[in-house]
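Please look over the model below before reading on.

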Number of protein chains: 2
Amino acid sequence: MSRTLLPVSELPASWYNIAADLPHPPGPPLGPDGNPVSPAALGAVFPMNLIEQEVSQERWIPIPEEVLEILLRYRPTPLHRAKALEAHLKTPARIYFKNESVSPAGSHKVNTAVAQAYYNKMAGMKRVTSETGAGQWGSSIAFACAQFGLECKIYMVRVSFDQKPFRKLMMRTWGAECVASPSEETAAGRAILEQDRSSPGSLGIAISEAVEAAVTDPTGSTRYTLGSVLNHVLLHQTIIGLETQKQLALAGEKKVDTVIGCVGGGSNFAGLAFPFLRDKIAGADMEVLAVEPASCPTLTRGPYAYDHGDVARMTPLLPMHSLGHTFMPPGIHAGGLRYHGMAPLVSRTVVDGLVTPIAIQQLECFAAALAFSRTEGIIPAPESSHAIAQAIRSAVQAREEGKERVIVFNLSGHGLMDLNGYGAYLDGQLADHSLPEEDLRAGLKCLEGHPTPV
Amino acid sequence: MSRTLLPVSELPASWYNIAADLPHPPGPPLGPDGNPVSPAALGAVFPMNLIEQEVSQERWIPIPEEVLEILLRYRPTPLHRAKALEAHLKTPARIYFKNESVSPAGSHKVNTAVAQAYYNKMAGMKRVTSETGAGQWGSSIAFACAQFGLECKIYMVRVSFDQKPFRKLMMRTWGAECVASPSEETAAGRAILEQDRSSPGSLGIAISEAVEAAVTDPTGSTRYTLGSVLNHVLLHQTIIGLETQKQLALAGEKKVDTVIGCVGGGSNFAGLAFPFLRDKIAGADMEVLAVEPASCPTLTRGPYAYDHGDVARMTPLLPMHSLGHTFMPPGIHAGGLRYHGMAPLVSRTVVDGLVTPIAIQQLECFAAALAFSRTEGIIPAPESSHAIAQAIRSAVQAREEGKERVIVFNLSGHGLMDLNGYGAYLDGQLADHSLPEEDLRAGLKCLEGHPTPV
């Protein structure tokens, strides 16, 4: 059997909050004055019920019935044993992948989109704004808003807006409005366009625009939603790892050696890894690997610092690994991983040695994606291909060492909207990016003067 | 619960062959001399193991282990209760849909692609050829060939080749070669291009090219594969209906009132409907509806006649509803339904009154697709939207009559590769097609002189 399904009755009823178990929880967000931002001060950006989740220390947080009802349309997602890939690699390792590509929008992002739309609806909101990189998040929140009758406005990073026209059509099909960022619609967008009319945009810029659009709504019934980075977003994704643990047990696996996820803002990685980290914190022996693109090496080259989540510095300072909020990553096809920062909770697990970060170049990832497509048959998102590339490295290492190993990675999404990238790769038009040292230095320079996290 | 999963242990172990139960099985294919074509004469086109299935009268045909192993990567597919759509329509009907969009290539076509690739491999073939309309079939056979190490060459109808660039990238990602049809590579393609350099192509033309490319391979190790129409293709799809029957029982439904599928060549419709027709032949009271596009009204406007399956008349004469093998349907977005003929087995069930054909216009189908996307959250293929449009008609009728009804339709595929069509619809650029009577007459004229099926 290559696929382990979980009975519907086994769908997790609560999310897992790793903040309750971390040896050193990350510090609080800081305001411009260097003092912690109070939950109330965030109330113009997020509804209060989500702010409560953001600061919660409860280990288990029940998933509301209305959210479960929609998640059940595609969850529990399957856990696949990648037998064809194993045979191709001639490895003694057993490779499993959690298939989050089966959601309506094609990625794990739907898990938190449904929850965020629900909580906004419960808080009486009429409309949400957000940003999107590759479009996975924008289409997910568009889907979720359609379910709860909320209006939805998306600022999409220009380079992805141009590369991935189908994603914006998905958003429109679900009734959302989608504009390219930087846009002329916000002060933040106009400021960027004045400096560079042909700016490719970045997640940091798009976040500034979406936050501005939410907090400046005079009716007060618009809030901002974010697809990654924040504690409550990572919380909603833990259903991935909780299901995976049950499925591995059903598949007869008693021990997991390697857990792998790709990281941009950190949410799909955290979703799979945090429930496993709970075991690791309790003493289990396993390696947990966070894979980022070499062209945006936040965890491997960025310091652990207080930095803004966006370019226009509208967000509080967050304790995280960062390449600097002004860092502009190259326009690689894994658009969802082009983010200067990293979720504070993920950053903290790296600082504490619970998670090992790895950076991999684009060509190795596309080669891995092609091998995966032709063996397992699912065309992965370029983001997910980073996890696949590392799974292949780990499986090859197991072969060289002659060791059985159990490797689990998160297939965070499918690549059906990303086929232009595959076309460019197949035509030999893609290259690895060598990141200019001066670009890195310039980004890190903007961190000067920020407080240092303890 | 909105979704009924079937335990893996309940996956059907055999396909259902309706030929064993039809009151009047269709007549045999005829050669140019008007005499039945012997199975041996088809040996240059198909491998003998599939020809045996084509003419089999056995009711149940076991599914080989190697085929099951690959089907299990995505089967059993879910059966959804469309509760959000029901609420939107305020209907007392219970609407179910079988979700075939979860396969690697995104449609039901994978079910027969895996089987055909397997049987070709078993017969010692090295390479297969095929045609594709919207690209659903081409990408499915490309996927299947990658699983069995077969080379794959696809002739893709020009209008879809241009409208759906991502489909050809899927085929390439899975290692297949894809060219636009009519092409310069075959005598059949060149003949069309000589008449019309800008021919939009059709399934009939592409079939001619793919058959020619198979039978002219001097090594004799190439065979042709077809994604619909033939008995063995429909046979492989019956796993859809067999699963659905079990799932409806699990969902507590004792009686089904209405079974709906869209029809182009007939395979997804047959896959869902044939197991239900077995019950209807045995006396069960239900309506079974085959929905075709009004711009290619094969069942509702075409006579039941002997006709060729392709434009170049390379195929035998088949007893089927046909608009004439020279009929050129308008370039609607439901490219997979643009076929002049209809599966002989489906045609026979219409002639015998077991199945009722219905033709629906493009705009009603896109409106239905949008309502479905925004309620159920899955963006359907334009082909599948024809089934959705009829399901909505039936559900509205149930509301008007104040009747509970159980409606089941086949969501044959997702529309993630078809978003250009959605964009055109949302921008108000689409129109219904009024089919010129002279086009219909011209097509039917080419049927003159063909034998009449009994």
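1. Basis. This is a predicted model, in which local features need pLDDT of at least 70, side-chain atom pairs count only at pLDDT 80 or more, and totals for chains, interfaces and linings use all residues. Residues are numbered from 1 along each chain as its sequence is written, chains are lettered from A in the order in which they are written, and side-chain values use heavy atoms, without hydrogens and water.

2. Relation of the copies. Chain B is superposed on chain A by a rotation of 180° with 0.0 Å of shift along the axis, at an RMSD of 0.0 Å (least squares on the C-alpha atoms of residues with pLDDT of at least 70 in both). The two copies are thus related as by a two-fold rotation axis.

3. Interface area. Between them, chain B and chain A bury about 3,700 Å², of which 58% is on carbon and sulfur atoms (buried area being the accessible area, with a 1.4 Å probe, that two parts lose on being put together, summed over both). On the chain B side, B:R73, B:F166 and B:T173 lose the most area to chain A, together 18% of what that side buries.

4. Interface residues. In contact (heavy atoms within 4.5 Å) are 41 residues of chain B and 41 residues of chain A. The copies meet through the same surface, because 100% of the interface residues of chain B are also interface residues in chain A.

5. Salt bridges. The interface of chain B and chain A has 2 salt bridges (a side-chain nitrogen of Lys or Arg within 4 Å of a carboxyl oxygen of Asp or Glu). One of the side-chain pairs meeting in a salt bridge is B:R172 with A:D427, at 2.8 Å from N to O.

6. Sheet. In chain B, 7 strands form an open sheet of mixed pairing, in the order β1-β4-β5-β15-β10-β11-β14 (strands are DSSP runs of E, at least two residues, and helices runs of H or I, at least four; two strands pair if DSSP finds at least two bridges between them). β1 (3–4) and β14 (356–360) of chain B are at the edges with a single partner strand each, so one side of each lacks a neighbour in the sheet. β4 (79–81) and β5 (94–99) of chain B pair antiparallel over 3 bridges, and B:L79 stands opposite B:K98.

7. Backbone. Most residues other than glycine have a negative phi, and most peptide bonds are trans. The bond from B:R75 to B:P76 is cis, with omega about -10°; B:P76 lies in the loop between α2 (65–71) and β4 of chain B. A:K90, not a glycine, has a positive phi of about 50°.
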